[in-house]
Amino acid sequence: MTYQTDTIAAIATPAGRGGVGVIRISGPKSLDIACAILNNKSLKPRYAHFSNFYSSSNNEIEALDSGLALFFPGPNSFTGEDVLELQGHGGPVVLQLLLREICRLGARPAKPGEFSERAFLNDKIDLAQAEAIADLIDSASEQAAKNAVRSLEGEFSRQVNALVEALIHLRMYVEAAIDFPEEEVDFLSDETVQRGLENLDRDLNNLLANAKQGALLREGMTVAIAGKPNAGKSSLLNALAGRESAIVTDIAGTTRDVLRETILIDGMPLHVIDTAGLRDSSDLVEQEGIRRAWQVIDDADRILLVIDSTDPSSADDLLKQFEPHRDKLTAIYNKADLSGLAIGESSDHHALNLSAKAQQGIDKLREHLKDCMGYHGGSDSQFTARQRHIDALLEAKTHFEQGREQLVVYRAGELLAEELRLSQNALSTITGEFTPDDLLGKIFSSFCIGK
Amino acid sequence: MDYPEQFDVIVIGGGHAGTEACLAAARMGAKTLLLTHNIETLGQMSCNPAIGGIGKSHLVKEIDALGGAMALATDRGGIQFRVLNARKGPAVRATRAQADRVLYKAAIREMLENQQNLSIFQQAVDDLIVEGERVCGAITNTGIRFRAKTVVLTTGTFLGGKIHIGLDNHSGGRAGDPPAIALASRLRELPLRVDRLKTGTPPRIDAKSVNFEGLQEQWGDQPEPVMSYIGSLDMHPQQTCCWITHTNERTHEIIQGGLDRSPMYTGVIEGVGPRYCPSIEDKVHRFADKNSHQVFIEPEGLNTHELYPNGISTSLPFDVQMNLVRSIKGFEQAHITRPGYAIEYDYFDPRDLKTSLETKVIENLFFAGQINGTTGYEEAGAQGLLAGLNAALKAADKEAWCPKRDEAYIGVLVDDLITMGTLEPYRMFTSRAEYRLLLREDNADARLTEKGRELGLVDDVRWAAFCDKRETVERERQRMASTWIQPNTPEAAQLNEKIPTPISREHNLLDLLKRPELNYFDVAGLKGEASTNLQVAEQIEIGVKYAGYIDRQTEEIERLRRFEHTALPLDFDYQTVEGLSNEIKQKLGNARPETLAQASRIPGVTPAAVSLLLIYLKKRGLLDRSSKTA
């Protein structure tokens, strides 16, 4: 018998590299999951089987990918538990969908270092390697924490916190009504809770609509190229796209409208939008182009602000104008071949020297864009951090909706309370622990309770 | 002198913790001595004359399921019974009873006097006999030395007790009783963390001086609920009512005017009071926008005129108390029979206890009740029972037992206390229990009585009643699972009247019960004979309606079970675990958890920290195989 009773899963290959993506699953449900994913194809232990990988959500069976499936029954496996390995063709989108399906079937995403931890606990790794595992858990969880913090920057964080506050507020009413029925605080039977439920529903849906990182993978990130006229924006678009799609001349203001190009970086779609040069203009057509440019800049997931490095001071006022967008801004010091800046070097994470025309430093830019998509660094990138946050929000939403049904249909206040508790548990993976005593504290400071 | 006989268990203190402790130990066959400073006050309700309520009745029923006294004494002393949250679902339903102090006390006294293996001795205890790091007995204030294998301390508010009325204060254990000063200073010499808490009571009022006209009456429920699983209606004495009145703006002005002589607001009281049971001056001060607070008037008994005005607990000076009471509707001419007061007392940091309630540093010494920082008769009784049974187990060299968080509110109570400690008097609330849907008032017997029987706590009468109920429920469940209703039959027609759309395929009776519109009596009698036993009907209905939730919680419990069985040595040096942050090392060092599960529940201890501990244990060979397969 092994130490753990739950089943974990993770993508085992570095994101976006190579032609094969591997998902590894370990725990007692591995075989059940194999059955579902392979649509009941039986697996001979330790043999590779070619099969489609199916998703069966919404009562529809759909093949997500195809590849090899291997099953290693415990204890003769890497972790000592039943292990299933799925090797697919593995674009990041497909791998994520497959992982999500596996989690729907009863696995949970593995914590950093957890496969190794299990291997060690089940005597599959010797003592000498134990130190390394402790280090791995330590550093990986630290990295995960950092990524979580980065995922929680800006507007997303504000909205999540507001949501949690609203949920706590609602729970306060529900729990007070349950624990203090003699205190004239019976909110379950008046409109307070009903209204709270409606507000929470709205906030949660808004938040999920805005938290588009999940969609980012499937639909691609939008990158706006902005800058002064003739800084080299269109050249940059062409350099990224690898062909002439924007009209490039030496005449300032050539791009009067926005130009779009979809490029692929390691299989990830990226929508690059070239915008009109930003300057004061009396030309009505150009003014309209600039207005649209700002629109695109506001909506973009990432902005590449192109600066002519032969005249760096020209962009000072522009940098100031972009201050509100700092979180998603990368300054591109273009024409580095002319100004003599070291190609590819950058003073910080948010700046890069290159030459669009000479095609120098473009690879660095691609890497940088992958970074921005949270697409780098193996299994625990900022992308996965955001993905976890969104999964937590989705789980919170499920419980929240079930809770509302319990109250509205069954008049079961105690089951609403239970669902709201689970909902908050899900969110606590984003915002930290919230103990029953914290909740009681809220109740006692809001209602005058006590006979 | 040395008392000639030696005991297995000595219990010091005869309140709700002490009486349950000595009864439990004696029931299990341990030779038990109850030492009390006053036999007349055994089972005394020092605060309000009521037992039960939300979260608390759950504890009472658990004590009862383990053979304890509190529920039966309530049935014999209860003068009003109500079910709270009756419309909010079975998991949060709670029985509350007003009790006649005299009848309640008499019931407890009778049980104590008739308990085999139990001796009672009246004399204050001044000292413990401690040899090395082990307690061996107690010494009374006249120097009689009683020796025992284990000692249970249930000293309530008596340790270093200090009573405040206005800016005057004096030493006291309870109004009219002396404090335990010598014992308190002796205990402070032990290597246990100690601090001060505060609680309070309202002034008592003579009913003859109260004008009840226009006050809202509150009667009990009909049919009358019963508290004990083996209780019955014919145990209940005559029933009576309570009344409700309110404070008003005038009352609040009087209170504001007296705050400069309040021991709370002038800093005389250092102890921390409970947030959920604030004094009236606290309520008026903190919720200044509320111009009225409810006062619940409870009768102290059938044969007394004294009333307990619940909601105006105060330590303001007596002249302010008089004025504030007389500003309240109905109390215009009220005569106060006893002034309200606040009391400060010593409590010991419960993080120094094991789950058995034995202290971690002094072997064989057990603590229960307010000494551990709790408040309430029910919380005290629950701990008393647990400490008593564990003292008896220890005296017999047997392994300790404590229910888990998913088994009983007693488990939640103890785990909360020893894991997180407490900064205010700890009271039970259902929101403290993550397995609230499993830990219900109606199933405390199903959760605990079998274990109680195994421990020797449950007598033959209770055991027979329990087995009978269990079998009846199971039989009825099976009958309903195998009784089918076909569409287009007379039974279906009868059924269709109660549901929105007629049934279109056959269903068994249990399936039908899943529908929100239907209760047990709607379906059980459609075919065959429904049970007339309400408890049976209740068990079946709840089992069906909560099924999905119960499954989910059971799965979660199973998942966490391994950590519950992974022991952490008490002398574990957390400093040597690499990778743990200093903050987490410190938190673990302060709490010294007994199991990995308990460690994981300490606020701030992360899942990664638990992994690191697990790996460390494994590395040092401290992860034994029994914990893996348990």
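This presentation covers strand pairing, a helix contact and a chain interface in the structure above.

The model is predicted, so local features need pLDDT of at least 70, side-chain atom pairs count only at pLDDT 80 or more, and totals for chains, interfaces and linings use all residues. Residues are numbered from 1 along each chain as its sequence is written, while chains are lettered from A and ligands numbered from 1 in the order in which they are written.

I begin with strand 1 of chain B, residues 2-12. Helices (H or I, at least four residues) and strands (E, at least two) are DSSP runs, numbered from the N terminus. Strand 1 runs parallel to strand 9 (residues 145-153) of chain B, with 7 bridges joining them; pairing requires at least two DSSP bridges. Asp2(B) has Arg145(B) as its bridge partner in strand 9. Strand 1 of chain B is also parallel to strand 2 (residues 32-36) of chain B, through 4 bridges, and Val9(B) stands opposite Thr32(B). Between strands 1 and 2 of chain B the chain passes through helix 1 (residues 16-27), giving a right-handed β-α-β crossover (clockwise from the first strand over the helix to the second, with the strands pointing away from the viewer).

Next, the interface. In total, 43 residues of chain B are in contact with 39 residues of chain A, contact being C-beta atoms, placed from the backbone, within 7 Å. Helix 20 of chain B supplies the largest share of the chain B side, 8 residues. Strand 16 (294-299), helix 17 (547-564) and helix 21 (625-629) of chain B are among the elements that each supply at least two residues.

Note on methods:
Contact = placed C-beta atoms within 7 Å.
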